[in-house]
Amino acid sequence: MKITKIGFICTILFVLVLSACGNSAIQQSGGSGGEADASEDKVKIGAILPFSGVYASLGKDLSDGMKLYFESVDWEAGGKRIEMIEEDTGADPQEALKRTRKLIDQDDIDILTGAVSTAVAYAIRDEIVTNKLPYLTSHAGGNDLTREQKSDYIWRSSFSSWQIGNSMGKWAYENIGDRIYVAAADYAFGREVSAAFMESYKEAGGEVVGQVYPPLGNNDYASYLTTIRDSDADGVYAFFAGSDAVRFVQQYEEYGLKDKFQLLGSGWLVSEDLRESIGNAAEGVHAASFWDYNLENEENGKFTEAYEEAYDRRPTIESLEGYDAARILVETIEALDGDVSDPEEIVKAMAAVEFDSPRGPFAFDQNTHHVIQDMYILETIQEEGRTENSMIDQIENVQDPGK
Amino acid sequence: MYRTLENNQSTTLEVDKIDILIAQMVNGLSYGMLLFVITCGLALVFGILGVLNLAHGSLYMIGGYVGYSVTATYTQSFWLALLTAPLVVAFIALIMERTLLHYTYKLGHLSQVLLTLGVAYVFHDIAKIIWGTNVLSIRVPESLAGSVSIAGQLFPLYRLVIIAVGIVIAVGIWWVQNKTRWGAIIRAGLSDREMIGALGVNISLVFTSVFVLGGILAGFGGVVAAPILGLYPDMEFQTLILALVVLVIGGLGSIAGTFTASILVGVLETFGRYLVPELSMFLVFTLMAIILVWRPNGLLGKQVAEG
Amino acid sequence: MKIYLKFSTALLLFAASPFILTSFHINLLTEILIFGIFALSLNVIVGYTGLVSLGHAAFFGAGAYTAGIIAQNISANLLFTLGGAVLLSVILACIIGLFCLKVSGFYFLMLTLAFSQMVYSFVYQSTGWTGGSNGLSGIPNPILFGWELSNTVWVFYVVASLFLVVYAILGIITESPFGKVLVGIKENEKRLKSMGYHTNIYKYAAFVISGIFGGVAGALYTYFNGFIAPSDIYWTMSGTVLIMVLIGGAGTMLGPVLGAALIVLLETIVSTYTNMWMMILGAVFIIFVIFFPSGIYGISKDIFKGIQNHTVRPKVKNISNEKVS
């Protein structure tokens, strides 16, 4: 029985150690403001990104993209120094919530950005709204974040699953054929993208001859591909990303589907960092995306050149998202002359940001707080022993319907 | 959402169904053999050392990554990768056994579980530092690339090679177990670990060699599976869980059981995905639950002491 | 008499913490206590009965999702959501236990894993109820006697008081004759059987008790975060809680709580400084196995004994008996 004592001694010690730092919870519940003096000359930006787990490479690219832009303005905006505090969320939304609370309570950040997984964005949503923290979503694409769950404080500069799927639907009907097979990874985002695709494809007059939803992280597509091979579709629309995309596109060719059906998908199916692993199997894929390495415009030229010089590798879609997010933040702070004390003012300034991005013209939809952007139809071609994406069509001003 | 399934079945009815069934059977076999190649090292180590090596997935991963480095950067040779990677992994396994695992034989299962999990965590971050977080893949050598036609259906040649590789490994293990002195020792160890000592064999040496052999098999599996499964962060834990399931379905301490279970899981999962794709997620674990409730020691497992 | 003293000390400390700690640390402490309850619940079967489960997240998830779904669709009343969570955990534990107790040892571990993964798949695919991979968000704050627990401090008080209650209940259970039988099963089931005990009924009861408190922990996690994700019900969660029990010291009351504290603190503190926190966590596991096989509790016991009377030796044998198996 005596032994329990040691536990309580530990608890007491623990409490004492913790009490050594900072204000108490009771005093703090009034909100931020305790350390106003220290942060007067700087703007604190919190970034919640995955640096571990399955999304680690996306998190790194987003972070590198942001740093590249901040570097280009010498980490200064509106006369203030920019301080970026990064927190690793892994692929776990609960971890992300914990990190966000830490950024709010401990670091007293002024603006939050990041979130790769949509679940993360939904997890932190209520925390952000109750704390009136301006939040710029720089990747997570779940539709509801700028629809049912939209908030004055949440703005999204990346994409919505609707934009990705919808842009391909009509184009596929007009250019590929009127019968299509849909295969998508079984998670909320995969389902949303394929639903948006099918809606627009059917509206145009096409027929979906079959659908299949392999689990996320599925390692053998042979069974599904054999089923698809015996359908009489004109093409296959597939939504997969990361290692799933590599396996699907490779096995699609190995099982002889490439010669029978045109493969369609999103930009992630043949993204910049995957094509080397996919190899020649990627050739001929049509994909819808809001940016590509080979887009020809002045901003993109500047961006890709600077990125390759800084990191010695090509930027990905996520690098671009990070770069744009940093630019939006800088322009917001500039517009406020560095006064970030009022969240309402931050949000107002952010709403007004408009510029020419490497992806084309960038502007927010004032109603949904979601980006209005051009979508590009890409074709993967072979060039000098490697595969490249080239733009074959453009759909201008794709705007999420917001419901 | 699932309504379209009927749609899709009505179209397949017109095509010759037998062809599809044969095709799926081959798919299932090749997937099953892939599972066997991945699991056999784990089964061997568990069977003889009684150690549940949760770092098995990590050894497999390191094998795959080393194979990638060899094929992508240094020599471009798949065959050299197939030789180098198992050796590198064997060396790592040797160090791991001599410096860490060695201490835990007297501590019991739970300590080994915790230790090997700790090792898996450490390897996870080491792999991240060395090979980054991008998705990588090993290219199949030209001679094994391409597809062949069976019963009017196209198959990747490499899948058929994997079936052969699986059978060769199974036969090899069977031969060693039943026809060599080493096999006799191992069989003795499988049924009664103390008996090895009684035979006057250096137990410590047997344990080390078996663990290293498990490492070789894991590294080999890593290279063989990489062209199909790819290399990506967290791959080792996905693989580990799958391997554990196969191991348990087959029954602990039985290589024949692992072999049977691999084929069973491969074939049933492939047909399950074909017939009821909406239940794909449930398949493996449901199968495991049914088998364990039906046969509490797995398909061919022997009674294992509790603990 | 001493026990009351200890409990009132703990009560006082918990009551005072929000006045001393920042809200960040209160959140941390709340999380530790929730995982403490979760680890304590698993300890009933792992530490006392000797059944190692790798599927305990099923109950945590069941409790969490039930509390969340009830709060969203029926009522956010804490008694209601907690009651629902307990009820579903009981039902789930009764069903899973029925099957899992047919097997033993490593097969038990894998069968519990199988069932929890089936629960996971079910939650993941029932998008209409649970939000699927997006998780269940926008869960209203719990309401207790008409009072909305909107503040971290209130949630902390609820969690801390429930923690004390759970700790007391489990302490009483393990000290009771019933608990002694469980320990007997762990040490030698055959002997107990031959003595005429229906060990299966005891094991079943332990499994259900363990499931109930796992569910309670899950419900508390929902109140705390207002959000649940399928990752909370995934096998990695079962693995984490098992590690908490093992590192803390299985088969002791305070051990699992200390284990929970260590893991939560490590993850929080280390991941602030480096992205390589898995490596550090892994190294900690290895160090514990090699150098401190009896867990944190074992270390503190050693130190305490050392301070007490400088004669550690006679008791060491006792400790090492505890950790084997």
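Two residues are in contact here if their C-beta atoms, placed from the backbone, lie within 7 Å. The model is predicted, and local features need pLDDT of at least 70, side-chain atom pairs count only at pLDDT 80 or more, while totals for chains, interfaces and linings use all residues. Residues are numbered from 1 along each chain as its sequence is written, and chains are lettered from A and ligands numbered from 1 in the order in which they are written.

Six strands of chain A form an open sheet with mixed pairing, in the order β2-β3-β1-β4-β5-β6, where two strands pair if DSSP finds at least two bridges between them. Because β2 (76-77) and β6 (154-156) of chain A each have a single partner strand, they stand at the edges, and one side of each is left without a neighbour in the sheet. Further in, β4 (residues 111-114) and β5 (residues 135-137) of chain A run parallel and are joined by three bridges, with A:Leu112 opposite A:Tyr135 of β5(A). Across β1 (42-49), β3 (80-88) and β4 of chain A lies helix α3 (residues 56-72) of chain A, running at about 160 degrees to β1(A); axes are lines fitted to C-alpha atoms, for helices over the stretch in contact, and angles run from 0 to 180 degrees between N-to-C directions.

Between chains B and C, 35 residues of chain B are in contact with 34 residues of chain C. The largest share of chain B's side, twelve residues, comes from α5(B).

Notes
Helix = DSSP H or I, 4+ residues; strand = E, 2+ residues; numbered from the N terminus.
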